[in-house]
Every structure is written in structure tokens, then in C-alpha cells.
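Open the model in your viewer and keep the selection panel at hand.

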Amino acid sequence: MTASTLRQAIADMPAALREGEVVACNGLVIEATGPDARLGEACELVSRHGGTPALAQVVGFRDGKVLLMPYGSIDGLRPGDRLRATGGSLRIPVGPALLGRVIDAFGQPIDGKGPLAASAHYEVHRAPIEPLRRRDDDQVLETGVRVIDTLVTMGKGQRLGVFAGSGVGKSTLLGMVARHVRADVTVIGLIGERGREVGDFVSHALGPEGLRRAVVVAATSDQPALVRAHATHAVHAIAEYFRDQGADVMLMVDSVTRFAMAQREIGLAAGEPPTSRGYPPSVFNSLPRLVERGGALKSSGSVSCIYSVLVEGDDMNEPVADHMRALLDGHIVLSRDLAHRGQLPAVDALQSISRWIGRLATPDEERLASQARALLATFEASRDLIDMGAWQRGANPQLDRAVDCVPGLLEIFRQSPRDSHGRQAGLHALARIVGEVAA
């Protein structure tokens with residue numbers, strides 16, 4: 001340890017200890033008398049019988065007692081064990097050394113590649129970007145996924161949601177974007193995933209070429225709710241670090257629904273009243289604070305965000321999905337019917353929209369995307385008629401054109417996970433299909 005590091009460690013030490021005592025443990029919540037900790041502050045649980053202190057976070061107060069939730073196992077906890085306030089919330093190690101690594105919610109490597117050399121530490125819970133510090137960006141961010149780049153065009157600093165039920169291809173689509181996106185750094189949060197899926201995503205969906213310029217933060221479904229929520233904030237802090245270095249960052253969280261479920265567990269355990277589908281009010285307060293951390297800064301880089309939203313029972317109007325649609329700058333909807341027909345990625349172009357396309361695309365490009373959507377809408381409206389063989393050419397010229405055009409459009413939008421396509425090439429292919437049929 002160098003002299004400067006030692007001086008900093010001494011400066012960070014508290015001048016006085018603030019301690020309390022554990023008096024009860026009810027399910028996920030620990031009750032303690034004291035210390036005078038603030039909401040969100042990290043505390044250490046110190047057993048009277050020795051051992052490594054366990055970390056917990058203050059989540060509320062009740063009848064003069066402090067309510068805490070642990071970050072890990074508290075087996076062996078007893079009444080009378082000491083509680084020590086640390087003076088702040090947890091921080092995450094950041095730095096260029098994180099690139100190409102897979103870490104846990106606390107910044108510890110879980111990929112077996114050795115320890116990390118952090119260049120700084122960032123507070124996990126940081127304030128959203130102030131409105132007037134945001135850059136009014138009109139730069140297209142190419143994702144490498146043709147259907148997104150042509151019909152749901154994304155810009156630097158934009159925040160999109162991927163809405164789908166289970167098993168429709170959210171993780172595969174996110175892996176495609178992570179591998180091919182034209183960003184400097186990709187930060188990926190795998191929140192509440194099964195342990196096997198984390199390995200599959202890193203090895204197959206992301207691949208070695210995608211991992212080289214990516215940071216993956218994993219908090220699996222078996223970990224406590226507080227750890228899953230903490231990991232979601234941690235990936236935002238890591239993205240903010242690279243943004244502050246001037247980089248254009250692609251941040252992906254899979255899934256924000258599991259973050260909301262973790263917040264629900266925390267809120268209900270702390271005594272909040274349940275509201276819509278059991279979600280307490282704090283969930284709908286935490287989502288905008290999370291989403292508003294993305295964006296482009298006037299004096300620095302940008303954080304472009306893609307949040308996957310797991311819609312329960314394919315209900316696109318369930319509370320979290322409905323709330324996220326109102327917060328985001330656009331949404332990509334995956335269709336189970338399209339997936340069953342072999343159309344992958346199964347992006348439903350008629351339900352997907354980018355609120356930035358008007359300032360990102362040229363008038364000609366926007367007109368081309370509108371024409372493609374109109375043809376798809378005409379075809380879908382008459383699909384039953386076509387399938388029954390009741391369609392006759394000449395009865396409806398617009399439908400005739402759609403029947404001729406849509407197979408070519410779907411072929412353009414069909415894409416292998418390992419293939420990357422430029423946006424201009426996709427627009428030229430659209431123009432060729434629409435133009436040929438019009439002629």
C-alpha cells in the first residue's frame with residue numbers, strides 16, 4: 001500500500017463509530033435499535049462470536065427502530081449482535097480494467113480471470129441527469145439489427161424498451177445489439193437471470209468479439225432482492241463512468257421487470273402497502289429515477305439504454321410495462337406469433353416505435369419507413385382473407401401491392417444473430433423492394 005493510498009484510507013475512516021443492536025429478524029427484515037443511520041445507508045452486522053461482518057442496507061424505520069435488509073446470508077444472526085453504520089451507501093469499482101470482464105453486483109470478478117485493478121469508485125445511487133445538461137442529440141446509433149435501424153431508428157442517448165413475454169427472444173436480440181452496435185463501450189446488466197442463462201449469454205449471445213468491449217454485471221435469481229436491485233444501479237454507475245470519460249456507451253438491462261420485482265420484495269418487507277398487482281408505490285418512484293440516468297451530456301459522452309421488459313402472460317398493459325412505455329423514448333415489441341412463424345428477430349414493426357425517428361431520419365428515410373409500415377399493416381389486416389384463398393388480384397390495388405411486397409420486407413428483416421447489417425444497406429434494400437413493387 002502506497003503512502004497516498006494509506007492517507008486516503010485514513011481520511012475515509014469515520015471519526016466516531018455509530019453502533020446499534022439487533023433486536024429482531026422478521027423474514028427478510030432485520031430490526032435494530034440505532035444507529036442513527038439514514039435511509040439507504042450501508043451498515044455492517046457484527047456477530048458477538050466473531051466472523052466476517054455482513055453487509056445490510058437501511059430500508060426504513062418503524063416505531064423508533066431501524067429496518068435493514070441484508071445483502072447476503074445472515075445465518076447465525078442473534079439478538080444482541082452489533083450493528084455499525086458505515087457512513088455512506090455502497091460504491092462500485094470502475095475503470096478501463098472492467099472491459100471484457102464479468103463481475104457481480106459489488107464489482108468482484110466471477111469469470112475466473114483474476115482480480116480487477118479499479119482506477120476509481122463510483123456511488124451506486126447517483127442523481128439523474130439535470131434536464132439542461134442534456135445534449136439535444138440527432139446522431140443515429142446503429143445497432144446492427146436491420147429491422148431496428150430502418151423502422152425503429154435509435155439515436156445516441158436514447159432510451160428504448162424491448163417488450164416481450166418469456167421465450168420470445170429478448171436475450172438473443174440484446175446479444176445481437178451488444179455484438180454489433182456502433183458504440184465505444186457496452187455495459188450489460190443480467191438481473192434475476194438463472195445461473196445457466198448468464199453463462200449462455202456471455203458465451204453464445206454475446207460471444208468473444210462482443211465481450212472484448214463490454215462489461216457484464218450479473219445478479220442471478222437466487223440472490224437476495226437487495227442484491228438484484230443493487231446490481232441494476234451498479235450497471236448504471238459503470239455506464240456513467242465511461243460516459244464521463246467521453247465514451248458513447250450502450251447500456252442494456254435484462255430485465256427491468258425483475259428489478260421491479262426485487263423492489264417490490266424490498267418495499268413489502270419494509271411495510272409499504274401493495275397497490276397494482278402487489279407493487280408498492282416505491283417501485284413506480286424508482287423506475288423514473290433509474291431511466292433518467294441515461295442520456296447524452298453536453299460536455300461529455302452519452303449513455304444509450306435498452307431495457308428489456310418481461311410482460312407477464314403477454315399482457316402489454318401490465319403495470320411495469322405500461323409505466324415503462326410512458327418513461328422511455330420508444331419501444332420494441334417482440335411477437336410470439338412472428339417467432340412461431342420463424343421470423344427472427346421477432347420484432348413487430350407495427351407495434352414498435354422510436355419517438356426520435358423524426359429528428360434522426362431524413363424526410364426520404366422517414367417516408368420509406370412509413371411506406372413499409374403501411375404495406376405491413378395492409379397485409380396483416382387481410383391475412384385471414386389471404387390464408388383462406390379469398391384474395392383476388394385486382395380487387396384491391398393496395399392489397400395487391402402489399403402481397404407482392406411483404407415477403408421481401410420480411411426477408412430483409414430476418415437476420416441471423418451473428419450477422420451484422422449497416423443501416424444504409426437496409427434502407428437501400430427497403431427502397432429496392434418498395435420501388436420494384438410500385439413500378
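This is a predicted model: local features need pLDDT of at least 70, side-chain atom pairs count only at pLDDT 80 or more; totals for chains, interfaces and linings use all residues.

Ser255 sits in the loop between strand 13 (248–254) and helix 6. Now show the backbone of Asp254 as well. A cis peptide bond joins Asp254 and Ser255, with omega at about 5°.

Pro345 belongs to the loop between helix 9 (336–340) and strand 17 (353–354). Most peptide bonds are trans, and most residues other than glycine have a negative phi.

Asp63 is not a glycine, yet its phi is positive, about 55°. Find Asp63 in the loop between strand 4 and strand 5 (65–70).

**Helix packing**

Select residues 170–180, helix 3, and residues 195–211, helix 4. How do their axes run? The two axes come within 9 Å and cross at roughly 5°. Angles under 35 degrees count as roughly parallel, so helix 3 is roughly parallel to helix 4.

Now display the side chains at the contact. Helix 3 brings Ser171, Leu174, Gly175, Met176, Ala178 and Arg179. From helix 4 come Phe201, His204, Ala205, Leu206, Gly207, Glu209 and Gly210. Colour these residues by class: 6 are nonpolar, 5 polar and 2 charged.

**Rings**

The whole structure holds 4 aromatic pairs. Zoom in on one of them, Tyr122 with Tyr241. The ring centres are 5.7 Å apart and the planes meet at 85°, so this pair is edge-to-face. Then zoom out and trace the chain. Tyr122 is in strand 9 (residues 120–123), while Tyr241 is in helix 5. The pair links distant parts of the chain, 119 residues apart.

**Empty space**

Rolling a probe the size of a water molecule over the atoms shows where empty space is left. Which residues are closest to its centre? Of the 25 lining residues, the closest are Leu39, Gly40, Gln57, His125 and Gln263. Select strand 4 (54–62), helix 5 (225–244), helix 6 (256–269) and helix 7 (281–291): these elements give two or more residues each to the lining of the pocket. By class, the pocket lining has 9 nonpolar, 11 polar and 5 charged residues.

Last stop: the cavity. The count is 1 cavity of 30 Å³ or more. The largest cavity has a volume of about 30 Å³. Select its lining: Gly40, Glu41, Ala42, Gln57, Tyr71, Ser89, Leu90, Val124, His125 and His230. The cavity lining divides into 4 nonpolar, 5 polar and 1 charged residues. Keep Gly40, Gln57 and His125 highlighted. These residues line the cavity, and they are also among the residues closest to the centre of the largest pocket.

How values were computed:
Residues are numbered from 1 along each chain as its sequence is written. Side-chain values use heavy atoms; hydrogens and water are left out. On a 1 Å grid over the protein atoms alone, a cavity is a set of points where a 1.4 Å probe fits but cannot get out, and a pocket is an open set with protein on both sides within 12 Å along at least five of seven lines; lining residues have an atom within 4 Å of a point. Helices (H or I, at least four residues) and strands (E, at least two) are DSSP runs, numbered from the N terminus. Ala, Val, Leu, Ile, Met, Phe, Trp, Tyr, Cys and Pro count as nonpolar, Asp, Glu, Lys and Arg as charged, and the others, Gly among them, as polar. Axes are lines fitted to C-alpha atoms, for helices over the stretch in contact, and angles run from 0 to 180 degrees between N-to-C directions. Angles under 35 degrees count as roughly parallel, over 145 as roughly antiparallel, 65 to 115 as roughly perpendicular and the rest as oblique. Contact means heavy atoms within 4.5 Å. Rings of Phe, Tyr and Trp (its six-membered ring) pair if their centres lie within 6.5 Å; planes under 30 degrees apart count as stacked, over 60 as edge-to-face and the rest as tilted. Grid points are joined across faces, edges and corners, and a volume is the space filled by probe spheres set on the points.
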